[in-house]
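Reader: Hi! Could you walk me through this one?
Author: Happy to, here it is.

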Amino acid sequence: MSAPRTDTRRAIVDGAARLLREGGPTAMTTRGVAELAGVQAPTIYRLFGDKDGLLEAVAEHVMASFVADKTAEMAASSAADVDPVDDLRASWRRQVDFSLANPAVFRLLSDPDRVVGSPAARAGREVLASRVHRLAVAGLLLVPESRAVDLIHAAGVGVIQALLATPADQRDPGLGEAMIDAVLGAILVDAPEQREEPNGSLTAAVSLRAVAPDLDVLSPSERQLLVEWLDRVAHGVTRPVS
């Protein structure tokens, strides 16, 4: 894509993002976007096909910027050895706040058919997986990393949908915190008795599985075999019902 074409596309996306943020999808008219971007309406159709194509591009742009910030924050937290639970809680709050401030972007990228093709959504999930990996390395997980990621993601989507479905002045301000508390209570070791059997076996397996790929003392085939064994332990031991 040539530089002028790239600049034009960026101007259109920036203008559309502003209208989307200020007034939602209905405010993102072709005429309004064209005026802000300083282009003719046919240019928008030529670059994006239709309004739905433009909306997808805008959502991807806004989400990509947010995920880039989250990636930088995660790197800084890791370098500063910030408590991984505190880091996860802070990231959860930022995600909820971002989604409530950008409901159109959230709704678009929470659509299962659209999210599969979204690089920004995939990158966001990778950032979450990295935060969960820190919990595993610290020996704090009671469940396999993949299950923890799924639980946190599902809980986040659910709580945001519930809040967006409620008028702003009637929303429960503590709902997000209550949800993350419930999820963390299900996936984290938080008491000495949870380190006892069978939870102790699971926690140890999950923690060792997190670092197994980096154990250079083992050969590649040995590391692979160890990972397979630990996955079997992690997925085969269940937490007893209290």
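Reader: Thanks! Quick one to start: is Phe66 buried or exposed, and what about Phe98?
Author: Phe66 is buried, and Phe98 is buried as well. Here buried means under 20% relative accessible area, exposed over 50% and partly exposed in between, with a 1.4 Å probe and protein chains only. A word on the basis: this is a predicted model, where local features need pLDDT of at least 70, side-chain atom pairs count only at pLDDT 80 or more, and totals for chains, interfaces and linings use all residues. Residues are numbered from 1 along each chain as its sequence is written, and side-chain values use heavy atoms, leaving out hydrogens and water.

Reader: Good to know. How do the rings of Phe66 and Phe98 sit?
Author: They form a stacked aromatic pair, 4.0 Å centre to centre with 5° between the planes. Rings of Phe, Tyr and Trp (its six-membered ring) pair if their centres lie within 6.5 Å; planes under 30 degrees apart count as stacked, over 60 as edge-to-face and the rest as tilted.

Reader: Which helices does that pair tie together?
Author: Phe66 lies in helix α4 and Phe98 in helix α5, so the pair links parts 32 residues apart in sequence. Helices (H or I, at least four residues) and strands (E, at least two) are DSSP runs, numbered from the N terminus.

Reader: Switching topic: how many residues are in the largest nonpolar core?
Author: It has 31 residues, and those with the most contacts inside it are Ile12, Met28, Leu54 and Val58. Such a core is a set of buried Ala, Val, Leu, Ile, Met, Phe, Trp, Tyr and Cys residues joined through side-chain atoms within 4.5 Å.

Reader: Which element gives the largest share of this core?
Author: That is α4, with 10 residues.

Reader: And what does Val58 touch?
Author: Leaving aside neighbours within four places in sequence, Val58 is in contact (heavy atoms within 4.5 Å) with Val13, Ala16, Ala17, Leu20 and Met28. There is also a second, separate core of 29 residues, which includes Phe106, Leu135, Ala155 and Val159.

Reader: Nice. What about Leu128, where does it lie?
Author: Leu128 lies in helix α8 and is buried, with a relative accessible area of 17%.

Reader: Which residues is Leu128 in contact with?
Author: Beyond its neighbours within four places in sequence, Leu128 contacts Leu88, Val149, Ile152 and His153.

Reader: Last one: how far is Leu128 from Gly32?
Author: They are 36 Å apart in space, C-alpha to C-alpha, and 96 residues apart in sequence.
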